[in-house]
Amino acid sequence: MALTLPFFGRATGRNRLTSMIARRLVAGLLMLLAISLLIFAGLNLLPGDTATAILGQSATPAAVQALKLQLGLDQPAGWRYLHWLGGVVQGDFGVSLTSRENISVALWERLKNTLLLAGSTALVAVPVALTIGFVSVRFHGGWVDNLLNLLTRAAVALPEFFSGYLLIFIFSMSLAWLPSNSSVQVDMPLSARLMAITLPVLTLVLAVLGHMSNMTRAALLSAQRSSYIDTAILKGLSPMRVLWRHVLPNAWGPIINVIVLNMAYLMVGVVIVENVFVYPGLGQYMVDSISKRDIPVVQGCALVLSAVYILLNLFADAVALLTNPRIRHGT
């Protein structure tokens, strides 16, 4: 009996963990369904007429009515929502009202550009934030810690559009080192593409660096107050070894959680940054479609951004559960 109890405990822990992750996945799907309804209802409640916006104010009533019939805008809102949702489930977001292009194809191309921008930002921001947090804790209370806190809090206070225009003024207009327009094409070599996205990446790094580094610092300081850290210090271990071997491994859970949540925030923050730098991503596509009142495109962009945001939050929840030893071992 004594031999089977540990195995039984581990199985129970795995079952609890799987059950919790499954519940969060179901909750995410229900939330996405609710968001799709809110997106559709909100866009259809906007003042004005889509057919008139496409044809212009000089269009005749007959032309407007004919376009409504062609686009299916004469159908009841409930039927249009179900028709749109059924297409989305099958991967079909419909056709753009203005360009008549397949929205699914355009969304995929724009999403790849946005993910490249967010991924490049993560590759820069995460190591820098971890380093700043680690150095701040190592020199906690000293002038290095205070200086890093001042710089990171100043970065948090800067809005993305202000940081973007400031970087354009310095690196594009004054120094002429980097392009202010971040247009990329499919056939561009990787080096040219990375050069084009340097300024928007730096802008997004400034947007998330302060929060990530401050939360990393807080997680490390919280782990440093544990009793086992006092034991390690009493054994004569150096402060750097204590931080690296004992504090950091026990702070990984909240640190990873903060990193993933900031990556989720990036999917929202790119909307502003892509417009500042005219970057052909999902945010720029959505804003252009809003100005043209291209409702199907706006619905598709908003739903895809919401889905990515929810998925990243679900991933953060899963990481938090996996790094919780009580849940993992069923205690």
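A nonpolar core is taken here as a set of buried Ala, Val, Leu, Ile, Met, Phe, Trp, Tyr and Cys residues that are joined through side-chain atoms within 4.5 Å. In the predicted model examined here, the largest such core holds 64 residues, and among these Leu-107 and Met-212 touch the most other members. Helix H5 contributes the largest share of this core, with 13 residues. When neighbours within four places in sequence are left aside, Leu-107 is found in contact with Phe-93, Leu-282, Tyr-285, Gly-300, Cys-301 and Val-304.

Helix H5, which spans residues 103-138, also carries both Glu-109 and Lys-112. The side chains of these two residues meet in a salt bridge, with a distance of 3.5 Å from N to O, and the count for the model comes to 1 salt bridge. Because Glu-109 and Lys-112 are 3 residues apart in the helix, they are separated by about one helical turn. Glu-109 counts as partly exposed at 32% relative accessibility, and Lys-112 likewise counts as partly exposed, at 37%.

Definitions and conventions
Residues numbered from 1 in each chain as written. Predicted model: local features only at pLDDT ≥ 70, side-chain atom pairs only at ≥ 80, totals over all residues. Heavy atoms only, no water. Salt bridge = Lys/Arg side-chain N within 4 Å of Asp/Glu carboxyl O. Helix = DSSP H or I, 4+ residues; strand = E, 2+ residues; numbered from the N terminus. Buried < 20%, exposed > 50% of the residue type's maximum accessible area, 1.4 Å probe, protein only. Contact = heavy atoms within 4.5 Å.
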